[in-house]
Amino acid sequence: MIGLPFIELAESLDIAGLVWQPEIGDEVSHRTNRRQVSILVDPEGLSPSELRQRYIWLPTIEQLVDQIEARQAILFHSGLELGAGNMVYKTVIQVNSNQIECSGESLRLSVGLALK
């Protein structure tokens with residue numbers, strides 16, 4: 001199940017300019033009812049720009065990594081981090097000589113936050 005934090009992150013990535021080329025099989029959330037998540041099966045004759053206006057793209061981890069690589073960054077680390085009574089997913093992206101570190105309740109959220 002997709003949580004609201006990831007849907008909100010996907011919406012902020014969309015606002016920030018993450019480019020989505022709609023394809024059959026993409027996971028999407030309806031803009032007017034964000035909790036209505038579905039798989040794009042039939043574009044209903046809508047153009048790519050109309051699909052982007054109607055839906056928020058919920059990229060998979062693989063699609064997020066593709067976006068990281070497109071920005072000439074490297075996924076340095078991504079995995080589960082256990083602490084004192086705390087369990088989170090941590091992602092580290094290497095950009096030139098800088099690192100971006102983010103944590104989230106799911107691996108998908110953590111990678112998306114690092115991309116943002």
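## The sheet

Strands S1 (residues 27-30) and S2 run antiparallel, and four bridges join them. The model is a predicted one.

S1 and S2 belong to an open sheet of three strands, in the order S2-S1-S3, with antiparallel pairing. Its edge strands are S2 (33-39) and S3 (55-57), and each pairs on one side only. From one strand to the next, the twist averages 35 degrees. What holds such strands together? Strands of a sheet pair through backbone hydrogen bonds, either parallel or antiparallel.

## Two loop residues with positive phi

Most residues other than glycine have a negative phi. Glu44 is not a glycine, yet its phi is positive, about 55 degrees. Glu44 sits in the loop between S2 and helix H2 (48-54).

Gln72 is not a glycine either, and it has a positive phi of about 55 degrees. Its place is the loop between helix H3 (61-70) and strand S4 (74-83). Is Gln72 buried or exposed? Gln72 counts as exposed, because its relative accessibility is 70% and the cut-off for exposed is over 50%.

## A buried serine

Ser110 is part of helix H4 (residues 107-115). Its relative accessible area is 0%, so Ser110 is buried. The cut-off for buried is under 20%.

Which residues does Ser110 contact, leaving aside its neighbours within four places in sequence? They are Tyr89, Lys90, Thr91, Cys102, Ser103 and Gly104.

Key:
Residues are numbered from 1 along each chain as its sequence is written. This is a predicted model: local features need pLDDT of at least 70, side-chain atom pairs count only at pLDDT 80 or more; totals for chains, interfaces and linings use all residues. Side-chain values use heavy atoms; hydrogens and water are left out. Buried means under 20% relative accessible area, exposed over 50%, partly exposed in between (1.4 Å probe, protein chains only). Contact means heavy atoms within 4.5 Å. Two strands pair if DSSP finds at least two bridges between them. Axes are lines fitted to C-alpha atoms, for helices over the stretch in contact, and angles run from 0 to 180 degrees between N-to-C directions.
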